[in-house]
Structure formats: structure tokens, C-alpha cells
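Please read it beside the sequence and the coordinates.

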Amino acid sequence: MTQRERNLGAAVGCWPERLRAAWELFRAQLPAQAPALTVGDYGGGRQDLRALLPEGWNYTPYDHLPRTPETVVCDFNEDPLPAARHDVIFCLGVLEYLDDPARLLRHAFEHADWVVFSCFQGWKPWRAWREGWRGRLSRRALARVLEQEKIRVMAHAPWRGDGGIWVCRGGAAA
Ligand SMILES: C[S@@+](CC[C@H](N)C(=O)[O-])C[C@H]1O[C@@H](n2cnc3c(N)ncnc32)[C@H](O)[C@@H]1O
């Protein structure tokens, strides 16, 4: 297991910065008086997202490491994907660790009205090796998923050159 997956101390790198950027991008899509939502956090890591949520929102972290007692422990490469539905599912910094990142993304779209995700689209073998990344969602592969699932991209921000953050209305949205 890589240092990043262990999610310890300095190894968290830019995760908090990316999380805040993603949260603000998502929050800007909601009306100021939005009702409390249920949030699933796929690959939730330190679960810093929980602290950003307004009062009354419900938070469920999923990770292959049992980081807190309430973590739903699930290996997205090995186990059946989570059956629970949420109003919004966050997939930040996790798709890169998967053999088939499109599979988890499709699943999120089918189980949430909103999906907020990040991914890197270039492929640098050295970086992938160092970070323990396994899969890749190319621009073309991502475009195919968005089209097939009839996903509306509501907001997008570039992230660190070849990466991005997307806020989408999932296929499950009314
Ligand atoms: C880069 S961290 C991102 C943490 C958090 N989402 C954030 O952005 O601050 C990736 C997280 O995905 C989890 N992860 C990696 N591979 C996984 C897998 N196969 N199944 C479930 N979780 C996984 C790691 O344990 C880690 O918590």
C-alpha cells in the first residue's frame, strides 16, 4: 500500500485544497436555502468533507480502509459496489486507484442526483507508479461515460494541469 493510500500526515498533499475547491464548486450550484442532503463520500480518506457540510446533512464515508467506526469498508476493485443511494456522491482522488474507474463513476451516477468527482486525464508512468495509481479515465473514456449515462456537467474546474473537478447531475436525477 502506498503512502497516499495510508493517508497519513504530510502524505495527504493537496487533498484538502482539492476538497475545498470541489465543495465550493458544488455549493455554488445549490440555492442558498437548499434542504439538507444525504452525502456519500467514495474513497473518503480523512473524511474532511464531513466538516464542510451544513448542519443536518447526513454523511456516509466509504473506503477500503476502516478509518473511523462509521466507515463503510468496501474495496471498489474487489467488492460489490455500495447499494445505498445518496443525494450527492463525492468521488475525489479515488478513481485513479481503480482498475476500472468508469465502473465506479457509472455506479455513482446511478445512485445519486449529484456527483462530484475529480480525475487526472494524462498518464505519467512515473507519477502513477509513485502514487500507486492503477487505472486511467482518458478524456475520450470520460466523454463516453457522460454521454451514455446522459449526464449534465453543471460545473468544471481544471486541477493541476491535466486534472479536473466535475460537478454533475447524475442519471438518477429527476
Ligand atoms: C487520494 S485519497 C482521497 C481522499 C479524499 N477523497 C480527499 O479527496 O480528501 C484516496 C482515498 O481512496 C481510498 N481508496 C484507494 N483505493 C481504494 C479502493 N480500491 N477501494 C476503496 N477505497 C479506496 C484510499 O484509502 C483513500 O482514502
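Ala83 sits in the loop between strand 3 and strand 4. Helices (H or I, at least four residues) and strands (E, at least two) are DSSP runs, numbered from the N terminus. The model is a predicted one, in which local features need pLDDT of at least 70, side-chain atom pairs count only at pLDDT 80 or more, and totals for chains, interfaces and linings use all residues. Residues are numbered from 1 along each chain as its sequence is written.

Ala83 is exposed, because 7 other C-beta atoms lie within 10 Å. A residue is called buried if 20 or more other C-beta atoms lie within 10 Å of its own, exposed if 12 or fewer, and partly exposed in between, with C-beta atoms placed from the backbone. The C-alpha atoms of Ala83 and Asp162 are separated by 31 Å, and the two residues are 79 residues apart along the chain.

The loop between strand 3 (72-73) and strand 4 also holds Leu81. Leu81 has 15 other C-beta atoms within 10 Å and is therefore partly exposed. Leaving out residues up to four places away in sequence, Leu81 touches Phe76, Leu104 and His107; contact here requires C-beta atoms, placed from the backbone, within 7 Å.

Ile89 belongs to strand 4. Ile89 counts as buried because it has 31 C-beta neighbours inside 10 Å. Not counting residues up to four places away in sequence, Ile89 touches Gly40, Tyr42, Ala108, His111, Ala112 and Val115. The C-alpha atoms of Ile89 and Gln121 are 20 Å apart, and the residues are 32 apart along the chain.

**Residues compared by burial**

| Residue | Other C-beta atoms within 10 Å | Class |
|---|---|---|
| Ala83 | 7 | exposed |
| Leu81 | 15 | partly exposed |
| Ile89 | 31 | buried |
| Lys150 | 11 | exposed |
| Arg160 | 11 | exposed |

**Positive phi**

Lys150 lies in the loop between helix 6 (139-148) and strand 6 (152-159). Just after helix 6, Lys150 takes a positive phi of about 55 degrees. Helix 6 itself lies largely in the open, because the number buried among its 10 residues is one. Arg160, in the loop between strand 6 and strand 7, has a positive phi of about 50 degrees although it is not a glycine.

Helix 2 has 13 residues and spans 18 Å from its first C-alpha to its last, close to the 18 Å expected at 1.5 Å a residue. The expected span is 1.5 Å times one less than the number of residues. Which residues of helix 2 are buried? They are Leu19, Ala22 and Phe26. These cover an arc of only 70 degrees around the axis, which puts them on the same side of helix 2; the arc is that of the directions from the helix axis to the C-beta atoms. An α-helix has 3.6 residues a turn, so residues three or four places apart point the same way. Pro16 and Glu17 are exposed on the other side of helix 2. The buried residues of helix 2 pack against helix 3 (49-52), strand 4 (86-91), strand 5 (112-120) and strand 7 (163-169).

In helix 4, the buried residues are Pro101, Leu104, Leu105, Ala108 and Phe109. Their arc around the axis is only 140 degrees, which puts them on the same side of helix 4. Strand 1, strand 4, strand 5 and helix 6 are among what covers them.

**Core**

The largest nonpolar core has 37 residues. Such a core is a set of buried Ala, Val, Leu, Ile, Met, Phe, Trp, Tyr and Cys residues joined through C-beta atoms within 7 Å. Strand 5 gives the most to this core, with seven residues. Val116, one of the residues with the most contacts inside the core, is in contact with Ala22, Phe26, Val88, Phe90 and Val167, leaving aside neighbours within four places in sequence.

**Around the ligand**

The shell around the ligand has 22 residues, of which Gly43, Gly45, Leu92, Gly93 and Tyr97 come nearest. A residue is near a molecule if its C-beta atom, placed from the backbone, lies within 6 Å of it. Helix 1 (3-6) and helix 2 (15-27) are the elements that give two or more residues to this shell, and helix 2 gives the most, with three residues.

Definitions and conventions. Contact = placed C-beta atoms within 7 Å.
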